[in-house]
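Good morning, and thank you for making time for this. I shall go through one structure with you, moving from its loops to its helices and charged pairs. Please keep the display in view as I speak.

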Amino acid sequence: MATNRQDWVTTAREKTVQAIREGRIAEAIAGVDAVWAEGRPIHDVYGDMCALFCDFIAEELGEDGVERAWRYLGEKLWRPIFTEAAKAGGEALAGMYAMFLRSHGYQFRVEEDAEKFSFYLDYCPSGQRLMVEGKLEGDARHPMNHGVSKKAAPWTFNKTGVPYYCGHTALWFDVMPKEWGLPLMSGKYGDFDKQGQVKGIPCMTFIRKRLPGA
């Protein structure tokens with residue numbers, strides 16, 4: 001006789017909603033964490049998958065090919081989103097960026113002054129996670145060794161040793177917006193130890209409230 005494995009089908013969200021409706025407060029509170037935890041494995045696998053795509057491109061086309069690939073994605077995917085948000089001004093763009101960070105699982109802080117919003121990315125669940133898990137080239141802790149920049153260039157924050165995955169952040173949040181005539185965003189790569197822990201200042205993103213001269 002076949003067994004209906006409803007326990008594999010029911011999502012953590014559905015279980016949490018049911019607990020709320022039935023007044024099981026402790027289970028509902030625990031369910032909030034369960035909803036979050038349920039989505040993390042696929043998030044991390046996709047992050048590794050993107051890094052592997054970069055590795056393949058670097059092997060086939062060289063390091064410059066990685067930049068071209070991220071630029072292609074930036075033009076097709078990010079530019080329409082960025083330009084629409086930029087039309088609404090720097091604060092709207094910063095709010096959207098904060099939403100991306102929250103949904104992505106970042107640990108971050110934001111400071112605001114008269115000119116800009118400064119985002120301190122205390123923990124990045126993508127590039128920094130690869131460092132923490134020992135998944136970068138030259139790290140013996142994990143068999144998966146994703147590529148890092150061999151030469152300094154604008155798309156690698158003008159540094160060597162930057163994960164290829166992180167190249168899109170330099171391009172999409174700094175280099176390319178300037179090329180589009182919308183220099184609202186800029187970024188800074190953090191300082192990490194060999195285990196991926198922040199040694200000094202973490203990666204940062206800056207979003208201007210207004211375009212220069214506006």
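Predicted model: local features only at pLDDT ≥ 70, side-chain atom pairs only at ≥ 80, totals over all residues.

Asn-158 is exposed, because its relative accessible area of 53% is over the 50% that the term requires. Asn-158 sits in the loop that runs between helix 6 and helix 7. Its backbone deserves attention: phi of Asn-158 is near 60°, which is a positive value in a residue other than glycine.

The loop between helix 6, residues 127-132, and helix 7 also holds Phe-157. For Phe-157, too, phi is near 60°, again positive in a residue that is not glycine. Is Phe-157 buried or exposed? Phe-157 is buried, because a relative accessible area of 16% falls under the 20% limit.

Let me turn to the packing of helices. Two packed helices are described by the angle between their axes and by the distance between those axes. Here, the axes of helix 4 and helix 5, the latter covering residues 90-104, come within 8 Å and cross at roughly 135°. Which residues make the contact? On the side of helix 4 they are Trp-78, Ile-81, Phe-82 and Ala-85. Helix 5 contributes Ala-92, Leu-93, Met-96 and Phe-100.

I come now to the charged pairs. How many salt bridges does a search of the whole structure find? The search finds 20 salt bridges, and I have selected a few of them.

Let us begin with Glu-179 and Arg-71, which form a salt bridge whose closest N and O atoms are 2.9 Å apart. This pair links distant parts of the chain, since Glu-179 belongs to helix 7, residues 167-179, and Arg-71 to helix 4, residues 63-87, with a separation of 108 residues. Both partners count as partly exposed: Glu-179 at 48% relative accessibility, and Arg-71 at 23%.

A second pair stays within helix 4. Arg-79 forms a salt bridge with Glu-75, and their closest N and O atoms are 3.1 Å apart. Arg-79 and Glu-75 are four residues apart in helix 4, about one turn of the helix. Arg-79 is partly exposed, with a relative accessible area of 32%, and Glu-75 is partly exposed at 35%.

Elsewhere among the charged residues, salt bridges that share partners join Asp-44, Asp-48, Arg-129, Glu-133 and Lys-135 into one network.

My last topic is the nonpolar surface. Ile-42, Val-45, Tyr-46, Met-49 and Phe-53 make a nonpolar surface patch of about 500 Å². One of these residues, Tyr-46, lies in helix 3, which spans residues 25-61. Why is Tyr-46 called partly exposed? Its relative accessible area is 47%, so Tyr-46 falls between the limits of 20% and 50%.

That concludes the presentation, and I thank you for your attention.

Terms used
Residues numbered from 1 in each chain as written. Heavy atoms only, no water. Salt bridge = Lys/Arg side-chain N within 4 Å of Asp/Glu carboxyl O. Helix = DSSP H or I, 4+ residues; strand = E, 2+ residues; numbered from the N terminus. Buried < 20%, exposed > 50% of the residue type's maximum accessible area, 1.4 Å probe, protein only. Patch = residues over 30% accessible without salt bridge, like charges linked within 9 Å, V, L, I, M, F, W, Y side chains within 5 Å. Areas by Shrake-Rupley, 256 points an atom, 1.4 Å probe, with all protein chains shown as cover. Axes fitted to C-alpha atoms, helices over the stretch in contact; angles between N-to-C directions. Contact = heavy atoms within 4.5 Å.
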